[in-house]
Amino acid sequence: MAGFTPDEEIELYEEIKFEPNVMCEHIDKKLTFRASQLEDGDIVCFQKSPKADSGTQVRYPDIPSFLEYVHNRQVVHFRSLEKPKDDEFCLELSKLHTYDDVVERVARQLGLDDPAKIRLTSHNCYSQQPKPQPIRYQGVEHLLDMLVHYNQTSDILYYEVLDIPLPELQFLKTLKVAFHHATKEEVVIHSIRLPKNSTIADVIIDLKTKVDLSSPTAELRVLEVFYHKIYKIFPLHEKIENINDQYWTLRAEEVCKTNDVPEEEKNPSQHDRLIHVYHFTKDPLQNQQIQNFGDPFFLAICEGETLAEVKGRIQRKLQVPDEEFSKWKFAFISMNRPDYLQDSDVVSARFQRRDVYGAWEQYLGLEHTDTAPKRAYTANQNRHTH
């Protein structure tokens, strides 16, 4: 019936169950049906008897191992992380394949010599997008663990080819830092990759090799910016391992003696105070609620300095034409409430209070319309972000 030759030796197995797990037992051909407990409706599977001297290596040498494969096989649609909507290729794999099995098959499909340079990312069944975090090297046991998202199972995985092996990359931390030049409007985003135990001082050293400084003596500081407010100046000794740049912008800016950044901002004396200065406008549709925009910055003010004196320095720093600058209003803002200032007001007198949650909630506000052209952002990153 199978088309085998009459003298072909065959093995018999009984398939007892297939779900939820395969159960398949060898049948002794010398026993009767009753002795083998074979009844009407039972399933008997057959195969050619494996020849011990053939020397041929087969992946599934017997029926139980083949049924186990059929039970666990999974066609996976692989997509490039850079084109997350399009299938690049499909592979038939086993849900029991290990992490190494999967990346080895992907590398073979791509013609890549080193499977360790493959990084995989799971699929979010709800957003139909790649998950934000890739799969760590050998971070899951089996293919099934890569495909399960909460209580759903996907058949999509995203891949990318790295320039260094993933185990090596995982000892490194990659940060995206937006560099603000002192005199140019362009902002360039640099990808900084350093060992996880590195510090902000190491980030600055690395940045200096990549950026065009306005002066050879220029120094850099790194800030945490969120919704157009400065939340933190990173100390040089801070470790980069715990810095999360997924939601906040890491900004590096020059601190040097130029027309834009006065020397007192770099080394404020005991009579100077470094204050936050933010742009804002009022939203008429939201009950005149304050909306911040643009690039926040620091300004050193002297004891007894009036608003008229401070305004002159701000205008020179931002290079705003007289006609436009004359329309700007200035306010001391604490906890989102503006207190408008006159030219004769002493600015430092307003920044004496300490009962605020953070310096970003007490700042000098520049009220004007957001008419400035958007800065040009130049990406300089290796990893595609999504």
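**Close-up views of a predicted chain**

**View 1. Strand β10 and its two neighbours.** Strand β4 (residues 73-80) and β10 run parallel, joined by four bridges. Strands here are DSSP runs of E, at least two residues long, and helices are runs of H or I, at least four residues long, both numbered from the N terminus. Two strands count as paired if DSSP finds at least two bridges between them. This is a predicted model: local features need pLDDT of at least 70, side-chain atom pairs count only at pLDDT 80 or more, and totals for chains, interfaces and linings use all residues. Residues are numbered from 1 along each chain as its sequence is written, and side-chain values use heavy atoms, with hydrogens and water left out. H77 has I156 of β10 as its bridge partner. S80 stands opposite Y159 in β10. Strand β6 (residues 118-124) also joins β10, but antiparallel and through five bridges. There L120 stands opposite Y159. β10 itself (residues 156-161) is mostly covered, with five of its six residues buried. Buried means under 20% relative accessible area, exposed means over 50%, and partly exposed lies in between (1.4 Å probe, protein chains only).

**View 2. The β4 and β5 pair, with helix α1.** Six bridges pair β4 with β5 in the antiparallel sense. V76 stands opposite L91 in β5. In helix α1 (residues 63-72), the buried residues are I63, L67, Y69, H71 and N72. They pack against β4 and β5, and also against β1 (10-17), β2 (23-26) and β3 (43-48).

**View 3. The largest nonpolar core.** A nonpolar core is a set of buried Ala, Val, Leu, Ile, Met, Phe, Trp, Tyr and Cys residues joined through side-chain atoms within 4.5 Å. The largest one has 22 residues, of which F78, V102, L120, L143, M146 and L157 touch the most other members. At least two residues each come from β4, β5 (89-94), α2 (99-110), β6, α3 (143-147), β10 and α4 (166-169). The largest share, five residues, is supplied by α2. A second, separate core of 18 residues includes I301, I314, F351 and L364. In soluble globular proteins, nonpolar side chains tend to be buried together.

**View 4. L143 and its contacts.** L143 touches Q74, V76, L93, S94, K95, H97, V102 and L157, leaving out residues up to four places away in sequence. Contact means heavy atoms within 4.5 Å.

**View 5. Helix α2 and its buried side.** The twelve residues of α2 reach 17 Å from first C-alpha to last, close to the 16 Å expected at 1.5 Å a residue. That expected span is 1.5 Å times one less than the number of residues. Y99, V102, V103, V106 and A107 are buried in α2. These residues lie on the same side of α2, because they cover an arc of only 130° around the axis. The arc is that of the directions from the helix axis to the C-beta atoms. Among the elements covering the buried residues of α2 are β4, β5, β6, α3 and α4. G111 follows α2, with a positive phi near 70°.

**View 6. H276 in strand β16.** H276 is found in β16 (residues 272-283). Its relative accessible area is 9%, so H276 is buried. The side chain of H276 makes a polar contact with the side chain of Y278 (2.6 Å). A polar contact is a pair of N or O atoms within 3.5 Å; within protein, one must be able to donate a hydrogen and the other to accept it, and residues adjacent in sequence count only if both atoms are side-chain atoms.
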